[in-house]
Amino acid sequence: MMKMIGIGIGLVLLMAVFAQITGFGIAYTVDETEYTVITQFGAVQRTVKTPGLKFKTPIETVIKFDRRLLRIDVPTAPMPDRDSQFLEIDAYVRYLIENPRTFLENLRDESTAGLRLGNLAISAIRDEVGLRDRKDIIGGDPITLSDGTITVEPRLSEDGSPSREAMMVLVLERLREDAEEEFGVTIIDVRIKRADFPTAAENSVFDRMRSERSVQAQRLRAEGEEQYLTITADVTRRVRVIKADAERDAQVLAGQGEAQAILILAAALEKDPEF
């Protein structure tokens, strides 16, 4: 009898282990970095936000979501500015899942969230880009210095904040209005990583930059050649002056030497005429 009871308990334990492995167990764990939603036949039963060991019925399913800061890399898209000139905009969105139940019911998973939130971000950015010129979007003013060098100074909005930052604040506000309540998330930030010229326009820009650099290089070479000629002419003049002074001094010294030689010879003849 005891043997049969032991076999029965063993079978129950074996079935419990098998059920746990195959996902029909009664125990599960919740990590500190996770939210857990319990569903039964697709219907949400409850949400678990506290970490630790939890229990459920075998017919319930455990769905976990990351409660840490998540990031969506928005696909690069061409967007026209106020002057109908296109820029390739590459952006990203950072968000937190605040209501896992609403998130599950409307987005299902992070992959779908990336598509939906990414499309909303593209739409919001495109609308703001279409209201501004290229300098506001890029966030800089090109300044040509007196020597021909081009530098870029930050472009500011009317309230004194950087123009691109002011634009993205409006994008963030709109995205929060469109997404947070419906999808159960909190949008933390929206940023533009790159705002580049399209490939066709990029080539013309590079050609213009090369032309400007070529003109600047030729001007610098001409100025250098002028300075070289000026310095060379001055050195040549100094050499001629020094050489003339040296020849003059040499002739004076030679004349003085000959005069002294004659005086010495005359003095010697006076002492000994026969010599």
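Q: Which residues of α5 are buried?
A: The buried ones are S163, M167, M168, V171, L172, L175, A179 and F183. Keep in mind that this is a predicted model.

Q: Why would residues three or four places apart point the same way?
A: An α-helix has 3.6 residues a turn, so positions with that spacing point the same way.

Q: What covers the buried residues of α5?
A: The cover includes three helices, α2 (100-107), α3 (110-129) and α4 (134-138). It also includes β7 (86-97) and β10 (185-196).

Q: How many residues are in α5, and what should it span?
A: Helix α5 has 21 residues, 163-183, and at 1.5 Å a residue it should span 30 Å. Its end C-alpha atoms are 30 Å apart, so the two values agree.

Q: Where is the kink in α5 centred?
A: The kink is centred on R176 and is about 35°.

Q: What follows α5?
A: G184 does, and its phi is positive, near 70°.

Q: Changing topic. How many salt bridges does the structure hold?
A: It holds 25. As background, side chains of opposite charge can pair when their charged atoms come close.

Q: OK, which residue does D66 meet in a salt bridge?
A: The side chain of D66 meets that of R68, at 2.9 Å from N to O.

Q: Is D66 buried or exposed? And R68, buried or partly exposed?
A: D66 has a relative accessible area of 18%, under the 20% cut-off, so D66 is buried. R68 is partly exposed, with a relative accessible area of 48%.

Q: What about R132, which side chain does it meet?
A: R132 meets E128 in a salt bridge, 2.7 Å from N to O. R132 counts as buried at 16% relative accessibility, and E128 is buried as well, with a relative accessible area of 14%.

Q: Which residue does D196 form a salt bridge with?
A: D196 pairs with R194, and the closest N and O atoms are 2.4 Å apart. D196 counts as partly exposed at 28% relative accessibility, and R194 also counts as partly exposed, at 40%.

Q: Which residues do salt bridges with shared partners join into one network?
A: R194 and D196 are in that network, along with R71, D73, D90 and K193.

Terms used:
Residues numbered from 1 in each chain as written. Predicted model: local features only at pLDDT ≥ 70, side-chain atom pairs only at ≥ 80, totals over all residues. Heavy atoms only, no water. Helix = DSSP H or I, 4+ residues; strand = E, 2+ residues; numbered from the N terminus. Expected span 1.5 Å × (residues − 1). Bend = angle between axes of the 7 residues up to and from the residue. Buried < 20%, exposed > 50% of the residue type's maximum accessible area, 1.4 Å probe, protein only. Contact = heavy atoms within 4.5 Å. Salt bridge = Lys/Arg side-chain N within 4 Å of Asp/Glu carboxyl O.
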